[in-house]
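User: I'd like to learn how to read pockets and cavities in a model like this one. Can you walk me through it?

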Amino acid sequence: MLIRYAPGRTGLGEGLRRAARALLYAPTAWRMACDPAYPWINAGAVRCLDRFLAPSMTAFEWGGGRSTFFLARRVARLVTVEHREKWRRRLVRELVGQGVANVTLRFAPPGDAPGRPDDRPDAWRQTGYVPEKPEFAAYADAILDFGPDSFDLVSVDGRARVACALNALSRLRPGGLLVLDNSEWVKYAPVFAAASGWPRRDFENGVWRTTVWRRPDAANA
């Protein structure tokens with residue numbers, strides 16, 4: 001059971017709700033305080049990724065930050081897509097300052113760029129998904145610059161998450177992992193529909209959920 005954030009609510013009940021959320025969130029806050037590279041996802045998902053990742057792997061993420069350093073320490077190559085110029089510049093400084101050289105940081109700001117709709121995978125048509133944020137078309141389609149089966153792991157923790165996740169499905173290698181943070185939101189239901197045949201694990205801490213799917217091996221697809 002998740003205690004959801006309810007913006008705008010007041011009163012005793014909301015005060016108790018916020019106190020409960022703060023208590024449940026405390027272990028994550030403590031881990032993040034102890035390790036600047038501890039990613040802002042559920043602890044169970046962090047352990048899952050730590051066991052899965054290997055130095056020979058390649059990874060892709062939407063939404064740079066703590067996860068960038070966590071992933072970069074564990075894989076051979078990481079591609080990170082960011083939409084905010086100020087945050088991108090900060091990430092560049094921190095990557096250079098820490099001597100991290102295996103990250104390709106791509107900048108895809110919101111705008112009128114149409115992206116690559118003709119190259120989007122069948123999951124778009126199968127779910128009938130219509131982007132809620134067309135200004136992030138180029139951002140979500142950035143992974144389409146890479147061929148099928150390019151990545152061992154794709155993390156979706158930025159903007160336009162449904163569009164990003166649908167694009168990621170065809171870019172994962174068999175056995176690869178798709179990670180969707182804040183997956184408890186109903187608006188992300190198209191991702192669950194598109195990946196319905198993939199083995200899945202949900203990690204919760206009482207405040208929010210992180211879901212990890214594994215692309216089936218070809219023999220088991």
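Analyst: Let's start with the largest cavity: α3 gives the most to its lining, with three residues. Keep in mind that this is a predicted model.

User: What makes a space a cavity here, and how many cavities of 30 Å³ or more does the search find?

Analyst: The general idea is that a 1.4 Å probe fits in a cavity but cannot get out, whereas a pocket is open. In this structure, the search finds one cavity of 30 Å³ or more. The largest cavity holds about 70 Å³ of space.

User: Which residues line the largest cavity?

Analyst: Its lining is made up of Pro 39, Ile 41, Leu 49, Ser 67, Phe 70, Leu 71, Ser 155, Asp 157 and Val 179. Sorted by class, that gives six nonpolar, two polar and one charged.

User: Now the pockets. What volume does the largest one have?

Analyst: The largest pocket comes to about 1,100 Å³. There are 38 residues in its lining, and Trp 40, Asp 157, Gly 158, Arg 161 and Asn 182 lie nearest the centre.

User: How do I read a helix that lines a pocket?

Analyst: An α-helix has 3.6 residues a turn, so residues three or four places apart point the same way. As for α4 itself, it has 13 residues and spans 18 Å from first C-alpha to last, close to the 18 Å expected at 1.5 Å a residue. Just past the end of α4, Gly 99 has a positive phi of about 70 degrees.

User: And how do the classes divide in the lining of the largest pocket?

Analyst: You get 16 nonpolar, eight polar and 14 charged residues there.

User: What about the second largest pocket: which residues line it?

Analyst: That pocket has a volume of about 190 Å³. Helix α5 (residues 122–127) gives the largest share of the lining, three residues. The lining as a whole consists of Pro 121, Asp 122, Ala 123, Gln 126, Leu 169, Ser 170, Ala 194, Ala 195, Ser 196, Gly 197, Trp 198 and Arg 215. By class, six are nonpolar, four polar and two charged.

Technical notes
Residues are numbered from 1 along each chain as its sequence is written. This is a predicted model: local features need pLDDT of at least 70, side-chain atom pairs count only at pLDDT 80 or more; totals for chains, interfaces and linings use all residues. Side-chain values use heavy atoms; hydrogens and water are left out. On a 1 Å grid over the protein atoms alone, a cavity is a set of points where a 1.4 Å probe fits but cannot get out, and a pocket is an open set with protein on both sides within 12 Å along at least five of seven lines; lining residues have an atom within 4 Å of a point. Grid points are joined across faces, edges and corners, and a volume is the space filled by probe spheres set on the points. Ala, Val, Leu, Ile, Met, Phe, Trp, Tyr, Cys and Pro count as nonpolar, Asp, Glu, Lys and Arg as charged, and the others, Gly among them, as polar. Helices (H or I, at least four residues) and strands (E, at least two) are DSSP runs, numbered from the N terminus. The expected span of a helix is 1.5 Å times one less than its number of residues.
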